[in-house]
Structure formats: C-alpha cells, structure tokens
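Open the model in your viewer and keep the selection tool at hand. The tour visits a pair of helices and then a set of strands.

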Amino acid sequence: MKKNLFIKILLSLFVLYSLIGFFLVPYIAKEQIIKNLDNLLIYKSKLEKVSFNPYTLDLKLDGFSISNKDEKLIGFKSFEIDFSLLKSIHEYHISFKKVNLIKPYINIVQDENGNINLASIMKQQEVKAEEKSTDGKSSIPAFKITKIQIINGNFLFTQIFNSKKTTTNINNFNYTFYDLGTFKNALASHSLNTIINKDTKLSIDGGLRLIPFKMYGNIKLENLHANEYLGYSKDLLNFSIDNPTLNLKLGYKLDTTKDIELYINKANFELKDLNIVKNQETLAGLKSLELNNLHLDYSKQKISIDNIALNKLFVNISSSKDNELNIDNLINTSETSSSDSEKKEDTNSKPWLVDLNSFALNNSNFTYDDLKNKSTVDAKDINVLLKKLSIMGDDITIDESTLGTKNIKINNKSASTKIETKDIEINLHNFIKDNDKIKLSSVDIPNPYASIILGKSENSNEKPVEKETKKTNTKNEKSTTILDIGPVNIKNAQLLFEDKNLKVPFKTNITKLNGNFSELNSKSSKPTELKLVGKIDEYGYTKITGIVNLDDIKILTDVNLIFKNIAMKSFTPYSDKFVGREVKQGKLNLNLHYNITKSNLKAQNSVIIDKIELGKMIDKNKGSSLPLELGIALLENSEGIINIDLPISGNLDDPQFSVAPIIWKVFRNLIIKSVASPFSLLASILGVSEDSIKKVEFVYGESSLIDSEKETLDNIAKVFTKRPNLALKVEPAYDKVKDKIALQDIKLEELISKKSKTIKDADKYLVALESIYNGEVSLQELKEKSMEKEKDKDKMILDKTAYISKIKALMLPKIDITKVELETLANARIAEVKKYLLGTHNLTDNRLFIKPEIKVLNNKKAKYVEFPLAIDIKKK
C-alpha cells in the first residue's frame with residue numbers, strides 16, 4: 001500500500017508538474033509579459049503564444065509584435081531558448097544549448113522634425129532613487145551559449161524629408177554565434193550575412209571574446225548604391241548623385257585588454273560611376289576610385305596603403321556673370337558651424353603616419369568657364385603619379401612624382417588670347433615638406449609644348465576706361481616657407497607664339513629648347529643660374545644664360561640673351577606697328593645683357609641686322625614720318641650688316657620706366673639722327689671732319705676740279721665702299737654775279753689773245769687791248785688818269801697795270817654772258833664730278849644722282865662756288 005501510495009504521489013506530482021510547466025507557466029508568462037509591456041509602452045503589444053518545456057527548460061515565444069495602430073514597429077515570429085540544465089549543474093555555469101530569434105522585425109521612422117518613433121515608445125515612469133551598491137564590485141556570471149541565431153531578420157529605417165521618404169531595408173538578416181559566453185573565457189565565432197535594400201550584400205565573420213573584449217574577422221560589403229542613402233542628408237547636401245556602386249573588403253581586429261587597439265588589414269575599397277549633379281548640371285564625377293591593401297594601426301596611429309587610383313575624374317566648374325560658382329553651397333554649413341566652432345583642436349595630439357606606396361590620377365579632365373570674363377580653361381587627360389608618399393602631420397615626403405596632361409586650352413575671348421599646351425609632363429624627384437621647408441632634389445620637364453595666340457581684340461579701337469584705385473599702404477610680408485628646389489631640367493621644349501592683333505599676323509616657333517635652372521633656394525644667398533638653348537623657326541638659334549634671384553628679380557638679375565640668324569621677315573607685324581612697312585628679308589642677331597641690382601637696370605643691347613630689305617608700305621600714316629630705308633643704308637656696312645649698341649639704364653620701381661618703349665625710342669632716334677646728319681655719321685667712319693665731305697668747291701668761272709676737292713670726292717668714294725647702298729646726290733649750281741664776272745673776264749682775255757696774234761711787235765697784249773677797246777672814255781683820258789711820277793724823279797710815266805685795269809673795267813660790263821652760258825658752266829662742273837667718281841673710282845650710275853634743276857647762287861662772302869652734296873639710297 002505504502003509503495004503504491006508513493007507511486008501515486010509521484011505520478012500525481014509528475015502530472016501536476018507537467019500541467020503547471022506545459023500549461024500554467026506559459027499562460028502566466030504570457031499574461032505577465034503583456035501586462036508589463038502595456039505598463040511600460042504607450043503602444044499595445046501582442047504575443048500569440050508562449051511554450052515551455054519543464055523538463056528540458058526550453059522556452060519559446062511566438063508571434064510577438066508592438067504596433068502603432070496598423071503599423072507594426074517591433075516584432076518577431078518566434079524566440080527560442082534551449083537551456084542546458086545538467087550541463088550548467090555539472091560545469092558550474094549557466095549554459096544554453098541554443099538561442100534562436102526567428103524573423104525579427106524593427107521599423108524605425110524619423111519624421112521631418114528629427115523625431116524617431118521608437119524614442120517615444122516608453123511611458124513616462126517615476127524616477128526612483130537608485131540604491132548604491134556597498135560592495136563596489138560587479139561581475140558577469142559565467143555563462144555559455146553554444147549557438148545563437150538571428151534568422152531571416154528584417155529591419156527598416158525610414159527618414160521623411162520634404163514629404164519624401166528614404167528607406168533602408170535590411171532583410172534576410174542572418175547572424176550566428178558559436179560558444180558565446182564568459183565561461184572559461186571561451187573564444188566565440190560569429191558569422192553575419194544580410195542583404196541591404198535589393199542588391200547590397202553584407203557579410204561579417206570572425207571570432208570574439210567577451211572578457212576582456214576582443215574581436216577579429218573580415219567584413220565584405222558588395223554593390224552598395226550610395227544614392228540610396230543620400231536622402232538622409234537632404235538638409236545638409238545641395239546636390240544629388242547618380243547611381244554609384246561601392247565595394248568594401250577588409251580584415252579587422254579589436255582588442256581592449258589594455259588600451260583600445262584597433263587594426264584594419266588588407267582593406268580594399270572601390271567606388272564606381274560617381275556623378276555629382278546640381279540643378280540638372282553634372283559638376284564632377286569619376287569612373288572609379290580604388291584603394292588597395294590598406295593597413296591601419298590605431299594605437300600606433302599608422303596607416304599604410306599600397307595604392308590609391310582615381311580613374312577618369314572630371315570636374316566642370318563655371319562662374320556666372322555675378323561671379324557665383326556653380327560649386328558654391330554644395331554643403332549647408334549653417335547647422336554645423338556653431339557646433340564646429342565649439343570644437344578645439346588638440347595641438348598636443350600625436351600626428352598620424354600615413355604611408356602610401358602609390359597614388360594615381362588617371363585620364364582625368366578639368367573645365368572652367370568664366371562667363372563674366374569670357375574665358376575658359378579645358379584640361380584633358382590629366383595624369384598624376386606619386387610614388388612612396390609619406391605624411392606625418394605637416395611633414396610630407398614623396399620619392400617620385402609625375403604630373404602630366406595631354407592637352408590644356410585656355411581661351412580668353414575678352415582679351416582675344418588663346419594658350420594651349422600639349423604633352424606636358426613634369427617629373428619631381430624626392431619631394432620633402434618638413435615644417436616650413438619644401439625640398440625637391442630635381443625637376444625634369446621633357447618634351448613640353450606650349451602655344452600662345454593673341455587674337456584680334458573685339459574692343460581694339462576702344463580706349464580703356466581708367467579706374468581710380470585707392471592706394472593702400474600694405475606691407476608685403478614674405479613667406480616664411482623655405483624653398484629648396486634642385487635643378488629644373490627642360491628637354492626638347494617647343495613654344496609657338498602667334499599675334500593676330502596686328503594688321504599682319506606675327507608667328508614664330510621656338511623648338512628644341514634645352515637647358516636647366518640650377519638650385520632654387522630661397523634661404524641661400526647664391527642666385528639661381530639658368531641656361532637655355534633652342535631653335536627659332538627654321539634656322540634661328542637662341543641661348544639664354546645668367547643668374548637670377550628668384551625671391552626678387554629686382555634685387556639681382558644678370559642675364560645674357562643671344563638670338564642668332566633670326567629671319568626678320570617674321571617681324572613684319574611689328575615693323576608695321578612702328579614704321580608701317582613690311583620686312584621683305586634680312587637676318588637678326590641679338591646679344592642682350594641685362595643687369596638689375598637693387599631695382600637699377602643697366603642694359604647693353606647689341607643688335608646686328610644682316611641684309612635687311614624693306615617691302616611694301618602697309619600703313620602710310622606710320623611710314624611717312626621715318627625715312628627708314630635711308631637710315632638702313634647709312635647704318636649698313638659693306639657686308640650689309642647693321643651693328644647697333646643700345647645702352648639702357650633706369651629704375652624698375654619708376655612707374656614711367658618701361659624697357660621696350662625705351663629701346664624703340666633709342667632706335668628711332670638713332671635712325672632720325674643718322675638721316676638728319678648723314679655726313680656726320682659718314683665722317684665718323686673715316687675719321688675726318690664733317691665739313692670736309694659735305695660739299696665740293698669750284699673756282700668762279702671754271703669747271704675743272706681742283707686738287708683739294710678731289711680729296712673730298714676720294715673720301716666719298718671710300719665711305720661708299722663701306723656703305724654699298726648709299727648714293728650721292730649732286731645739284732648743279734652757279735653764282736649769278738661772281739661766275740658772270742669770271743666768265744666776262746675769261747671772254748675778254750680770249751679776245752685779247754686772239755687780237756694779239758695779229759700784232760707783230762711792241763706790247764702785243766696792250767696794243768690788242770687798245771685795239772678792241774670800245775668804251776665811252778677815250779684812251780688818252782684813261783692814260784692821263786693812269787700817269788704816275790717815276791720814283792725819285794719828277795718825270796711822269798704811264799702805269800700800265802692801272803691803265804689796263806681801267807680799260808678792262810670799262811669793257812667787261814659790255815661783254816654779254818647769257819644764262820645758257822652760266823648753266824653750261826654748272827653742267828660742266830657736274831660732268832667733272834661725275835667723270836671723277838665714275839671714272840677714277842668706278843662708282844656706278846645708280847649711286848650718283850644729278851638733279852635736273854640748276855641752283856642759282858648769290859653768296860657775296862663765298863670765295864668759291866659751293867656744290868652742296870646730299871646722301872640718298874642707290875637705285876635698285
């Protein structure tokens with residue numbers, strides 16, 4: 001009986017325990033859960049079923065949800081806990097075989113005011129004073145969960161902005177933990193896989209330990225569409241993006257044993273097809289951004305990266321007529337400015353070290369359009385390569401870098417200027433930025449090409465409007481940055497310059513330009529040396545050497561510029577600008593030496609022009625004022641070379657001082673002076689006086705050259721051999737009084753000579769004169785007037801000399817000398833000059849000009865007839 005009773009009691013307890021465990025506990029648990037949740041939450045909660053196994057201590061909740069009216073906020077399909085009682089007792093820790101959360105659901109909504117729906121889910125509770133623990137110690141009990149799973153979760157986050165919803169849907173969320181707990185400080189493993197929105201995949205795997213907390217593993221994010229999350233920042237960003245995709249893969253390790261140690265290794269990041277759009281205009285974008293093999297050590301503050309590459313980056317910037325850039329206000333900074341101002345930079349923080357093995361910008365483009373100034377910049381195929389870049393705070397080092405572009409075009413329509421470069425490549429070696437010092441061991445620029453075109457100005461006839469500018473006493477503070485740049489080497493450069501702003505366009509091409517600048521050191525007192533050698537057009541040569549203080553060229557500059565065998569025909573546009581003539585042919589050689597010391601310029605300009613020949617007139621208004629051809633002929637030597645020295649001096653700080661106008665003024669004055677006083681220039685060549693070659697003198701009444709005047713013509717011939725393009729201009733002349741008297745005397749002497757031939761005896765000359773006398777006064781009276789006392793005697797005798805003079809004086813006025821005879825005399829004199837120059841000195845006819853008009857002189861003080869000479873250009 002007793003035994004049966006015990007069995008019955010035991011069975012009854014078993015049945016009772018089963019009934020309570022299987023039915024009563026779930027019922028009470030369900031009611032208490034709902035009741036407590038309703039007391040805590042403002043929304044109604046729902047729990048469909050609670051299951052409990054009193055023998056295995058398994059607990060399962062089904063169909064739980066919290067809803068706001070018809071909107072479900074939080075819920076799950078089922079929550080399962082499998083408690084390992086025996087294991088817990090045996091190993092002295094809390095042990096769970098498994099914990100499963102199946103199809104959990106969370107719906108988070110942020111309204112336009114920034115309020116989150118779940119933040120106000122709790123009812124307001126009375127705040128009770130918390131009892132302080134007197135123990136001062138707290139510890140997590142030992143536990144272990146063999147397996148935890150979150151299966152097929154679904155989490156929504158929605159932001160409402162301007163009545164538009166942006167939603168992120170994390171679905172198919174599966175997260176599994178193995179051996180999670182504090183028992184024996186077990187190392188747990190975990191694995192997460194989920195899909196974000198439609199296409200993005202996120203996976204995380206690795207291991208973790210709770211005490212002390214350690215976590216490591218790998219993260220992989222695939223096909224993230226960045227534009228799906230841009231809606232969350234509508235109040236911050238004023239632009240939109242297309243549909244770029246992002247991929248990320250990395251390894252990580254977090255250790256809090258001592259300090260926080262965070263490691264990221266083998267991180268790879270990729271962003272594809274990014275376009276930034278504002279007001280339906282694409283401002284910037286790129287084909288891809290690639291970051292490979294990033295390693296980060298948080299405790300050592302060190303980052304190392306194998307490679308960063310930006311492929312096909314493009315930027316389109318424009319400026320409106322109101323000087324507003326299209327990239328202005330891309331980000332609203334008003335909301336963050338106040339908080340940012342409160343942040344203080346920790347100047348004592350340790351700087352991060354960033355090592356980058358390679359950075360590349362590939363096949364990128366840049367455009368800039370200035371609508372106000374009518375200018376554009378278009379750079380295509382920009383490529384930048386940096387090798388072994390290291391950054392430590394403000395210090396930067398780069399072993400090798402290359403900057404290049406296929407083509408850059410700058411077009412300024414308002415100034416009618418076009419600049420174009422091609423195949424630009426700049427190689428920088430060993431770049432170091434250390435505090436305020438920048439150092440480059442060397443710079444190489446191989447095969448650069450540049451083109452500068454000055455077009456016709458749209459407003460070339462309009463005078464510029466002078467604007468009043470206020471003078472401000474501002475001090476130019478010199479930069480404290482020290483530049484130390486090694487030699488800059490230029491190899492095979494080409495420069496094309498074209499000026500279309502002239503009547504005749506000017507164009508020149510400098511090629512094969514090679515040379516270098518020595519070290520550029522802003523701290524060193526040693527100036528920079530420069531040397532450049534190149535080719536101009538087809539056969540021209542240029543060489544530039546010297547020293548320059550690049551910190552301020554006014555302090556010290558000493559430069560020598562040589563230009564050799566430059567075709568002057570290409571300078572027609574500038575000759576037209578100054579003299580209105582084209583240059584038909586000729587070669588130009590320049591040796592220019594410029595020395596600037598403390599703003600004082602001393603320049604020696606050696607100009608050698610070889611066989612210059614002017615062409616047709618382009619602008620008569622400019623060419624009429626300057627007899628350039630005669631000036632050229634005067635300055636050219638026998639080899640057709642003009643050698644001119646143009647010294648210039650002045651102060652560069654003088655606003656009125658300008659080198660080019662001064663050079664032109666000196667050259668113009670030289671031409672004018674040589675043309676105005678040609679004999680002075682020619683006399684200086686021979687080392688004789690100007691007066692000795694500027695005229696030819698003849699005896700009155702005679703046409704033959706006297707020996708003194710032959711010297712004059714000899715000197716003219718000598719200087720003409722040195723100036724082969726000159727011609728002598730002679731004007732026939734006679735003195736209407738003195739030449740007439742001389743011719744009358746000659747005629748009378750001829751009559752006397754002729755008559756004397758018929759007289760045999762006596763004083764033939766006197767008898768012949770008396771015989772032809774036809775004067776009004778008798779000869780007897782003339783004799784009486786010519787009588788004089790004989791010396792030492794009282795006897796009167798005839799003074800034959802006085803007698804003859806009186807006869808001639810009465811006869812000469814009656815001898816007729818015609819104008820034809822005087823002109824014949826003048827032409828005879830010209831014939832003598834011509835005969836002497838052409839015969840004796842072999843001067844050609846085209847170098848002697850005889851004026852057809854005969855000049856009539858009447859110089860009472862002159863002792864000879866003076867033939868004035870003039871210099872002209874020989875006939876072609």
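Helices H10 and H14 are roughly perpendicular to each other (angles of 65 to 115 degrees count as such, under 35 as roughly parallel, over 145 as roughly antiparallel and the rest as oblique). This is a predicted model, in which local features need pLDDT of at least 70, side-chain atom pairs count only at pLDDT 80 or more, and totals for chains, interfaces and linings use all residues. Residues are numbered from 1 along each chain as its sequence is written, and side-chain values use heavy atoms, with hydrogens and water left out.

Select residues 738–756 for H10 and 819–840 for H14: their axes come within 11 Å and cross at roughly 100°. Axes are lines fitted to C-alpha atoms, for helices over the stretch in contact, with angles from 0 to 180 degrees between N-to-C directions. Helices (H or I, at least four residues) and strands (E, at least two) are DSSP runs, numbered from the N terminus.

Next, show the side chains of Asp739, Lys740, Leu743 and Lys747 in H10, which meet Glu821, Leu822, Leu825 and Arg829 in H14 (contact means heavy atoms within 4.5 Å).

Now select S2 (residues 58–68) and S3 (residues 71–83), an antiparallel pair with 10 bridges; strands pair if DSSP finds at least two bridges between them. Phe64 stands opposite Phe76 in S3. In the hairpin, with 2 residues between the strands, Lys69 has a positive phi near 60°.

Ser78 has Ile102 in S4 as its bridge partner.
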